[in-house]
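Me: I'd like to go through the labels on this model and check each one against its cut-off. Can we take them one at a time?

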Amino acid sequence: MRLAVTTPLAIITEAHDVAHLRAEDETGAFGILPGHADFLTALSVSVVSWRDQAGVEHYLAVRGGMLEVRGGEAITVATREAIASDDLHHLETEVLATFRHGIEEERAARTDAQRLYLAAIRQICRFLKSERAPAVPGGPGVTQRDGID
């Protein structure tokens, strides 16, 4: 099988002799062998591993992404960030922790931005509400009859 792993800025890995691939989505880990049915899934922050025809294991930490199997022959992974290494322990401990921390920071930033947006909307509503306040009796816009009954 062929494997291509890409980020928006680079091609991280291209392999043409993949015998087996292991990846992980929200439902858990899964494997892909030659002849696999067409498949599309969203990957979790995890380590993708594959074995080539010579039996050598390769590892790649991914920051989520999409994995597609097409025609049982081509596997494509599109991810925001990926790091290849032969040191599985390093990938599983340090790199994945860094990826997860980055995702948490992005989530917190999105939450803060949403809070600011909602605060601005509330402030606009308060301003508009004060503009439409009912007129005070005897104030502007109220006509009085000058002593005519």
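Me: What makes the largest nonpolar core a core, and which residues touch the most other members?

Reply: A nonpolar core is a set of buried Ala, Val, Leu, Ile, Met, Phe, Trp, Tyr and Cys residues joined through side-chain atoms within 4.5 Å. The largest one has 19 residues, and Leu3, Leu21, Ile32, Leu43, Trp50, Leu67 and Ile75 touch the most other members. Strands S1, S3, S4, S5, S6 and S7 each supply at least two of its residues, with S6 giving the most, four. Strands here are DSSP runs of E, at least two residues, and helices are runs of H or I, at least four, numbered from the N terminus.

One caveat: this is a predicted model, where local features need pLDDT of at least 70, side-chain atom pairs count only at pLDDT 80 or more, and totals for chains, interfaces and linings use all residues. Residues are numbered from 1 along each chain as its sequence is written, and side-chain values use heavy atoms, with hydrogens and water left out.

Me: How do you know that S1 and S7 pair?

Reply: Two strands pair if DSSP finds at least two bridges between them. S1 and S7 have five, in the parallel sense, and leucine 3 stands opposite isoleucine 75 there. S6 and S7 also have five bridges, but antiparallel.

Me: Why is arginine 63 called buried?

Reply: Buried means under 20% relative accessible area, exposed over 50%, and partly exposed in between (1.4 Å probe, protein chains only). Arginine 63 comes out at 12%, so buried it is. Glutamate 106 has 24%, so this residue is partly exposed. Arginine 80, at 53%, therefore counts as exposed.

Me: What makes arginine 63 and glutamate 106 a salt bridge?

Reply: The rule wants a side-chain nitrogen of Lys or Arg within 4 Å of a carboxyl oxygen of Asp or Glu. Their closest N and O atoms are 2.6 Å apart, so the pair passes. The two are 43 residues apart, with arginine 63 in strand S6 and glutamate 106 in helix H1.

Me: And how do you know that glutamate 106 forms a salt bridge with arginine 80?

Reply: Here the closest N and O atoms are 3.0 Å apart, so that pair qualifies too. Arginine 80 sits in the loop between S7 and strand S8, so the bridge ties together parts 26 residues apart in sequence. Arg63, Arg80, Glu81 and Glu106 are linked in a network of salt bridges.
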